[in-house]
Amino acid sequence: MKEIIDQNLIQDHNLKNSKSLEKDFEFLGEQLQQRGIRIEEIIQKLDSFMIAIPSWGTGTGGTRFARFPGIAEPRNTFEKLEDCSTINKLVRCCPMVSPHFPWDKVDDLKELKEFADNLELSFGSINSNTFQDQPGQTHSYKFGSLTNVSKEVRNQAIKHNVECIEWGKVLGSDSLTVWIGDGSNLPGQQHFTHALERYLDSCSQIYESLPDNWQMYLEHKMFEPAFYSTVIQDWGTSVLCAMELGPKAKSLVDLGHHAPNVNIEMIVARLIQFQKLAGFHFNDSKYGDDDLDSGSINTYQQFLILNELVDAEYRKAKGFNPAYMLDQSHNVTDPIESLINSSVEVQRSYLKALLVNREKLQGYQDENDALMASNELKLAYNTDVSPILAMYRMRAGGAIDPIATYRSANYRKNLESARPSTNSNSSGIV
Ligand SMILES: [Mn+2]
C-alpha cells in the first residue's frame, strides 16, 4: 500500500500552524506556572497514556434499521490495520489495535503480526464473539452462548474463547475481553440463578486456559440484544463473577453500558479499590446507547472518570493498570475522523484531570468545603488544554490539526479503486 498519510504531508501542515501553537503553548505554560503546574511535566505524562483502536470501529457502523457504508471502507483485517496506522500517525496516541474474532481471523496470524509490526502497531485485548452465529457453526447462539441451557452450545462457546487466547498469543496480546449477549426477552424465560451458574462454570474453564501473564476482562451491558434481562447486566454482577473466577479476571467498564444517571466514576473508584478494574471501552451516549463519539455529550462525566484514574495513579493504587480502548459506532461520520477526534477527547479528559491539585482537593474534603472541592475540579476542567495536546502530537511526529491534515490527504478518494465496496454488513458494536 502506498503510504498516503506520509510524514511530509504532516510536516507541511504543521509548519503552517507551529508558530501560533508555540505561542499558545508558552502562554498556557505561564498560566499553569502560576498554579504551580509545570507544563513540561504534564505533557510528558501523555507518553504513557495510550488508547487502543477497536478493529471493528474502522468500518461504518449501523443500527438494526440500516447501515450506510462510506467509500473505501476496509474489507479485511489488513486494511483495518492500515486505517488504524493512519489514525495513529496523525494522533500518536493509538499504537494498539483490539481485534475481534472471528471477524478478524486470517489464515496466517504470524503474517498479520508482521504486518502490524511494520505499521508500528501492536495488539490490545482480544475480543471473542459468541453473540452471533457464524457460517458453518454447529450450534446456534440464539438462546445464549456461555450460559445456554445446552452443554454442547456452552462447550462450543468455551472452545471459541480458548481459541481466541491461542490466536492472541500469536499476536502478542495479553488479555481476553468477554462480552456475551445472553439474557432473556420475557419474564420466566430464563432462570436468573442457573444462568449465572452456567456463566461461571463456562468462564472458569476459559480462565484455566489463560497464560500466567494474561487477564480476562468481563464486560457487562445492561440490555440489548436481550431486552428483559441480561446475564451480566451491571458492574455488580461483573465484579462478583470476577471475584469468583480469580485475580486474573477483572471488570471492564464500557461507558455506554450502564443505566441512565448511574455514577460511573464512583463505580470506577470501587473497582480500583478492590483491584478489579480491567479497563475501559470509551464512548458516549445520550439515551441508552453505547454508540456516540467519546466526549461528544457528557464531557464532564468523562473528566470525572479520568479524575478517578489520575487519582489512582497519584496514590499509586495497588494493581492499577487499566487498558484503554474506544468502542463506539460511527454511523454518519468517517470512522477515521471519529476515532481521531475521540482518542483526542479521551486524552483531553486525562490531561485536565492531571491539572487537579490533589493536595488542595484533599484539604477541601477534610474541611468539608464542598463548594471549593467542586471548584478545584472545575478549575481543571475549564482549562483549555488544546495547546498541550497539539504540542504533544507535533513533538511525537503527529499532526497539530489531525482532521485537517487527514482531509487534505484525500485518503478515502485515493483508496476508492483499491477498496471497492463489498456491501458488507458485518460491522458490529459491543
Ligand atoms: Mn464495549
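Figure 1. Strand β9 (residues 249-254) is mostly covered, with six of its six residues buried. The model shown in this and the following views is predicted. Strand β7 (residues 215-219) pairs with β9 in the parallel sense over four bridges. Along this pairing, M216 stands opposite A249 of β9, and E219 stands opposite L252 of β9. Strand β10 (residues 277-282) likewise pairs with β9 in the parallel sense, over four bridges. Here V253 stands opposite F280 of β10.

**Figure 2. The open sheet that contains β9, with the helices that pack on it.** The sheet consists of six strands in the order β4-β5-β7-β9-β10-β11, with parallel pairing. Its edge strands are β4 (126-127) and β11 (323-326), each of which pairs on one side only. Helix α7 (residues 235-245) packs on the sheet and touches β7 and β9. The direction of α7 makes about 160 degrees with that of β9. Helix α5 (residues 151-171) lies across β4 and β5 (175-178), and runs at about 145 degrees to β5.

Figure 3. The strands β4 and β5 pair in the parallel sense over two bridges. In this pairing, N127 stands opposite T177 of β5.

**Figure 4. The open sheet of three strands.** The strand order is β1-β2-β3, and the pairing is parallel. The edge strands β1 (53-54) and β3 (122-123) each pair on one side only. Two bridges join β1 to strand β2 (residues 96-98), and these two strands run parallel. P54 has S98 of β2 as its bridge partner.

**Figure 5. Contact between helices α11 and α12.** The axes of α11 (residues 358-366) and α12 (residues 370-381) come within 8 Å and cross at roughly 160 degrees. The two helices are therefore roughly antiparallel to each other. The crossing in which α11 passes α12 is left-handed. On α11 the contact is made by K360, L361, Y364 and Q365, and on α12 by M372, A373 and E376. The residues of this contact divide into four nonpolar, one polar and two charged.

Figure 6. Most residues other than glycine have a negative phi. N368, although it is not a glycine, has a positive phi of about 55 degrees. Its place is in the loop between α11 and α12. N368 is exposed, because 7 other C-beta atoms lie within 10 Å. N410, a residue other than glycine, has a positive phi near 50 degrees. N410 is placed in the loop between α14 (402-408) and α15 (411-415). With 11 C-beta neighbours inside 10 Å, N410 counts as exposed.

Figure 7. Most peptide bonds are trans. The bond from F101 to P102 is cis, with omega near 10 degrees. P102 lies in the loop between β2 and α4 (109-118). The bond from E224 to P225 is cis, with omega near 10 degrees. P225 is found in the loop between β7 and β8 (229-230).

Figure 8. D6 lies in the segment before α1 (7-34). D6 counts as exposed, because it has 12 C-beta neighbours inside 10 Å and a residue with 12 or fewer is exposed. D6 and A409 are 403 residues apart in sequence, and their C-alpha atoms are 8.9 Å apart in space. P187 lies in the loop between β6 (183-184) and α6 (192-208). P187 is exposed, with 8 other C-beta atoms within 10 Å. P187 and S229 are 42 residues apart in sequence and 8.1 Å apart in space, C-alpha to C-alpha.

Technical notes. Residues are numbered from 1 along each chain as its sequence is written. This is a predicted model: local features need pLDDT of at least 70, side-chain atom pairs count only at pLDDT 80 or more; totals for chains, interfaces and linings use all residues. Axes are lines fitted to C-alpha atoms, for helices over the stretch in contact, and angles run from 0 to 180 degrees between N-to-C directions. Angles under 35 degrees count as roughly parallel, over 145 as roughly antiparallel, 65 to 115 as roughly perpendicular and the rest as oblique. A crossing is left-handed if the near helix is turned anticlockwise from the far one by less than a right angle, and right-handed if clockwise. Two residues are in contact if their C-beta atoms, placed from the backbone, lie within 7 Å. Ala, Val, Leu, Ile, Met, Phe, Trp, Tyr, Cys and Pro count as nonpolar, Asp, Glu, Lys and Arg as charged, and the others, Gly among them, as polar. Two strands pair if DSSP finds at least two bridges between them. A residue is buried if 20 or more other C-beta atoms lie within 10 Å of its own, exposed if 12 or fewer, and partly exposed in between; C-beta atoms are placed from the backbone.
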